[in-house]
Amino acid sequence: MLPATWSRLSCKCLSSRGQRTLSLFSSSGPSNWSKVVSDAEKIVGYPTSFMSLRCLLSDELSNVAMHVRKLVGTQHPLLNTARGFVYDSKNNLQMRGLVVLLLSKAAGPSHAASNLLSQDMVSGIYPSQRNLAEITELIHTAFLVHRGIVDLKEWTVSDGPLKDMQFGNKMAVLSGDFLLANACTGLAELNNTKVVELISSAIGDLVQGIYYENSSNPEENSLTVGVDVASWEEQTFLSHGALLAKSCQAAMELAQHDKESQRLAYKYGKHLSLGHKLNSDLQPFVKSSVGEPLTFSLSAAPVVFHRQIVGQERWHQQLQQVQTQRNQLDYSKLLAAVKSEKGISTAVDLCCYHGNRALEAIQAFPSSEARSALENIASTITKF
């Protein structure tokens, strides 16, 4: 059974569910998300889109960028990731670092931090916390690049020349490793054993989460393999939530805050990440884009919840009914099937639940501009 508390805790957020003309990640028209991020960046002192600039402008990565130009004209996903470094209208790749900086500023200096000088703080944030935010983004970016490795067994002529796709895979491995190595070097320079332990375990969680995703890919075996709700929550936290949650906790450790502050920071990062992922999964089901090809993952939250509601046997029947003669899925028919049950509303309720839990965690911090920005971010992920 799905927790009954979701509906109770999300009542406040659900009052805006009828207003779905503004999509959180929509590239058309004004965006609440863009304004929230822009306001938050002013609070922490500089745009986080330049957070990894020292690494991205290094000679080694400049050489990588030159080689990536060879992939132009192919369908290799490394190109999209590279474009995201410059501009991404649908997602903010620097969100994790921004949240770490905002939490650092919201918590302020600790009374127990006798060996940390307040004059070293810039915009209310210690240099070590800024370095941690950069490290967090480097780790996230490295895994984004590694995710761009293509399974060449599924290669088709329309993807581009095979040798270019092979070259793209090599570049994805090498450039991702380069970013991860830089992150590990920066992590060691923080000289904090507990922080190293936290971020190292987050990297392990990322690897484990991606392994789970690849080993139970429902797109490959949609009639025999499925992800239940418990597995979805576990995988989502490992692959999308652990890095932010543990980075938030590590930021409190660097300022020598007590365990309760660290616990609340971890809680905020965890629930914000889960809410963000749910919002992202819900976009194909709630937005009304005309003319765009409809597609979504069979492991997206609304589909997982729909599958649990209708049961395994009926789910298999629905998948067989929406298959085309080419043995592909007709996503418009599958969308109609998912909308016929409560999978979407359940996912919306859960998104609001996690948003409210994040808001609940941040209330313990002193009232400030930084806390208000964190509240705005948590509130924005619950709006569609």
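This is a predicted model: local features need pLDDT of at least 70, side-chain atom pairs count only at pLDDT 80 or more; totals for chains, interfaces and linings use all residues.
Local features were taken at pLDDT of at least 70 and side-chain atom pairs at pLDDT 80 or more, whereas totals for chains, interfaces and linings use all residues. Residues are numbered from 1 along each chain as its sequence is written, and side-chain values use heavy atoms, with hydrogens and water left out.

Rings of Phe, Tyr and Trp (its six-membered ring) were paired if their centres lie within 6.5 Å, with planes under 30 degrees apart counted as stacked, over 60 as edge-to-face and the rest as tilted. By this rule the count is four aromatic pairs. One of them, Phe 285 with Phe 296, is tilted, at 4.7 Å centre to centre and 50 degrees between the planes. Phe 285 lies in helix 12 (residues 259-286) and Phe 296 in the loop between helix 12 and helix 13 (301-310); helices are DSSP runs (H or I, at least four residues) numbered from the N terminus. Phe 296 also forms an edge-to-face pair with Tyr 331, at 5.1 Å and 80 degrees. Tyr 331 belongs to helix 15 (residues 331-339), 35 residues from Phe 296. Phe 285, Phe 296 and Tyr 331 form one aromatic cluster. Phe 285 and Phe 296 are both buried, as is Tyr 331 (under 20% relative accessible area, 1.4 Å probe, protein chains only).

The charged end of Lys 270 sits over the ring of Phe 237, 5.7 Å from its centre (NZ of Lys or CZ of Arg within 6 Å of the ring centre and within 35 degrees of the ring normal).

Note on methods
Helices (H or I, at least four residues) and strands (E, at least two) are DSSP runs, numbered from the N terminus. Buried means under 20% relative accessible area, exposed over 50%, partly exposed in between (1.4 Å probe, protein chains only).
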